[in-house]
Amino acid sequence: MNAPDPLAPLDQAGPAELTDPQLPCVLVVDDEVRSQEAMRRTLEEDFQVLTASDAAAARALLERHRVAVILCDQRMPGQSGVDFLKDVRAQWPEVVRVVISGYADSEDIIAGVNEAGIYQYVLKPWVPEHLLGTVRSAVEASTLQQGLHRLEIDLRAGTPVLRARLGEKLRQARSVFDFERIVRAPGSPLDAVCSMAERVARHDLSVLVLGESGTGKELMARAIHYASPRASKPFVVENCAAIPDTLLESELFGHKRGAFTGAVEDHVGLIQRADGGTLFLDEVGETSPLFQVKLLRVLQEGELRPVGSTRTVPVDVRIIAATHRQLEDEVRAGRFREDLYYRLAGVTLQMPPLRQRPGDIAPIAERVLADVCRELGLPAARFDDDARAVLMGYPWPGNIRELRNEIARALALRDPGADATLLQATDFSTKLLQGQTGRATAGTPAEALAAGAAQGTLQDRLDAIEAMLLREVMLRHRWNKTRAAAELGLSRVGLRAKLLRFGLVT
């Protein structure tokens with residue numbers, strides 16, 4: 001008996017191909033058998049994998065199996081990948097289509113996106129992790145499509161069920177994004193900001209949220225939206241700093257087919273999609289004066305004109321804008337239009353940085369730790385006293401975003417032999433242990449005392465000096481209380497009492 005040929009075509013429809021009907025099915029179409037096998041090995045742990053060497057064989061499999069995603073080579077004998085996927089789009093529109101090609105031909109890419117409705121275009125040689133991530137995202141898109149289909153069926157069943165479901169979802173969203181869910185300690189400086197925002201939310205005024213990056217401006221905007229009469233309508237987000245002005249105009253206002261090269265179909269802008277709801281413009285201070293004029297017109301007239309259109313479209317949106325810049329200074333410098341500033345700043349909210357609300361560090365860190373453990377699939381963990389002191393002794397120039405990154409890093413890189421439920425001070429980066437950021441910052445409790453060393457009564461000045469000395473020793477000994485107490489000639493109990501007194505530990 002002859003040995004099997006390792007390059008012989010795989011059994012494309014055999015029962016061995018579908019071992020677990022619970023897994024999503026992926027169809028690989030490629031005329032190179034080695035490429036088929038490589039993709040099979042990459043995907044088979046998470047998906048059922050069918051393979052075909054040409055379009056005809058792939059059609060046969062599509063007729064027999066429920067396929068979620070197609071990975072199709074572009075250049076095959078006979079029919080090309082894009083042409084085949086155009087047929088698939090017409091006959092099996094629910095299948096998510098991905099092209100894999102070794103040639104970065106812009107015409108093929110444009111044709112694939114516009115004519116075949118391609119979800120992704122992956123270039124060879126592909127990276128296994130990237131391919132696996134692409135397929136996972138594609139399967140998720142397929143699942144969402146099926147969910148939309150089920151919603152359409154529910155819609156035909158009648159509106160009462162949908163109305164009840166919508167009401168329940170709205171209640172859940174309001175609960176998740178309620179002002180009380182913005183984590184802070186009792187007496188936090190953020191209390192006054194939340195109180196003002198809650199009062200403003202009920203009135204249809206534009207809101208300008210100022211604050212450094214990572215202070216929670218988007219979270220505040222969502223809380224305002226879900227506390228407002230517009231809560232049942234869309235909340236749409238656009239980061240104005242992420243894309244150039246030319247694309248930002250099209251993204252916000254929309255465009256008509258043929259308005260510019262590549263505009264092959266009409267595009268509804270984000271402002272229209274937010275109609276009746278709220279549009280959150282993040283980093284609005286990064287826009288150019290030319291774009292500011294166009295945005296001002298929309299806010300003044302309550303209507304917009306898509307790029308390439310001769311007709312205006314009425315819109316009803318509430319604008320919440322945010323920026324890390326001080327817009328009044330930008331107006332005085334001539335970089336931001338004064339009339340637009342007053343349109344956006346109906347009410348201005350200033351989000352305090354984390355270093356100005358040190359009492360919030362501990363509760364925020366606890367929430368972040370729980371969230372990161374859940375996201376990483378780790379058991380619930382807690383901070384020991386020294387770890388909490390390290391967090392309290394750092395000024396956090398990157399605010400909550402930096403805090404989250406440091407906690408995630410500590411969880412990922414800690415000693416594998418350590419207690420999985422306890423995060424220790426030594427798990428943090430050297431930067432945190434030394435309490436340094438590489439730039440001058442102030443605002444931790446000890447630093448606030450140090451700032452008063454040159455003023456106040458004699459006792460006030462002595463307290464400030466003592467706080468600075470305590471913090472310097474603790475940082476040098478990486479928050480080891482035993483060694484710090486020995487250097488200072490104190491007992492551990494006496495050292496802890498002093499640390500508590502000066503707010504250097506909780």
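Is Glu 37 buried, partly exposed or exposed, and what is its relative accessibility? Glu 37 counts as partly exposed, because its relative accessibility is 25%, where buried means under 20% relative accessible area, exposed means over 50%, and partly exposed lies in between (1.4 Å probe, protein chains only).

This is a predicted model, in which local features need pLDDT of at least 70 and side-chain atom pairs count only at pLDDT 80 or more, while totals for chains, interfaces and linings use all residues. Residues are numbered from 1 along each chain as its sequence is written, and side-chain values use heavy atoms, with hydrogens and water left out.

1. Glu 37 forms a salt bridge with Arg 41, with the closest N and O atoms 3.8 Å apart; the term stands for a side-chain nitrogen of Lys or Arg within 4 Å of a carboxyl oxygen of Asp or Glu. Both residues lie in helix α1 (residues 33-43), where they are four residues apart, about one turn of the helix. Helices (H or I, at least four residues) and strands (E, at least two) are DSSP runs, numbered from the N terminus. Arg 41 counts as exposed, because its relative accessibility is 52%.

2. A search of the whole structure finds 26 salt bridges. One of them joins Arg 230 to Asp 316, with 2.8 Å between the closest N and O atoms. Arg 230 lies in the loop between α8 and β7 (235-239), and Asp 316 in the loop between β12 (313-314) and β13 (318-323), so this pair ties together parts that are 86 residues apart in sequence. Arg 230 is buried, with a relative accessible area of 9%, whereas Asp 316 counts as partly exposed at 41% relative accessibility.

3. The side chains of Lys 294 and Glu 249 meet in a salt bridge, at 2.8 Å from N to O. Lys 294 belongs to helix α11 and Glu 249 to helix α9 (residues 245-253), so the pair ties together parts that are 45 residues apart in sequence. Lys 294 counts as partly exposed, at 30% relative accessibility. Elsewhere, Asp 30, Asp 73 and Lys 124 are linked in a network of salt bridges.

4. **Backbone points to check.** Most residues other than glycine have a negative phi, and most peptide bonds are trans. The peptide bond from Lys 124 to Pro 125 is cis, with omega near -5 degrees, and Pro 125 lies in the loop between β5 (120-123) and α5. Glu 283, although not a glycine, has a positive phi of about 55 degrees; this residue lies in the loop between β10 (278-282) and α11 (289-301), and it is buried, with a relative accessible area of 12%. Asn 399 also has a positive phi, near 60 degrees, but its place is in helix α16, and it counts as buried at 0% relative accessibility.

5. **The largest pocket.** This pocket holds about 860 Å³ of space, and it is lined by 29 residues, of which Gly 214, Gly 216, Leu 219, Ile 400 and Arg 404 lie nearest its centre. The elements that give two or more residues to the lining are α8 (217-226), α14 (361-375) and α16 (399-413), and α14 gives the most, with six residues. A pocket is an open set of points on a 1 Å grid over the protein atoms alone, where a 1.4 Å probe fits, with protein on both sides within 12 Å along at least five of seven lines; lining residues have an atom within 4 Å of a point. Grid points are joined across faces, edges and corners, and the volume is the space filled by probe spheres set on the points.

6. **The second largest pocket.** The volume here is about 450 Å³, and of the 19 lining residues the closest to the centre are Arg 66, Val 67, Ala 68, Ser 142 and Gln 146. Helix α5 (residues 128-157) gives the most to this lining, with six residues.

7. Val 264 is found in the loop between β8 (254-255) and β9 (267-268), and it counts as partly exposed, at 36% relative accessibility. The C-alpha atoms of Val 264 and Glu 115 are separated by 9.9 Å, and these residues are 149 residues apart along the chain.
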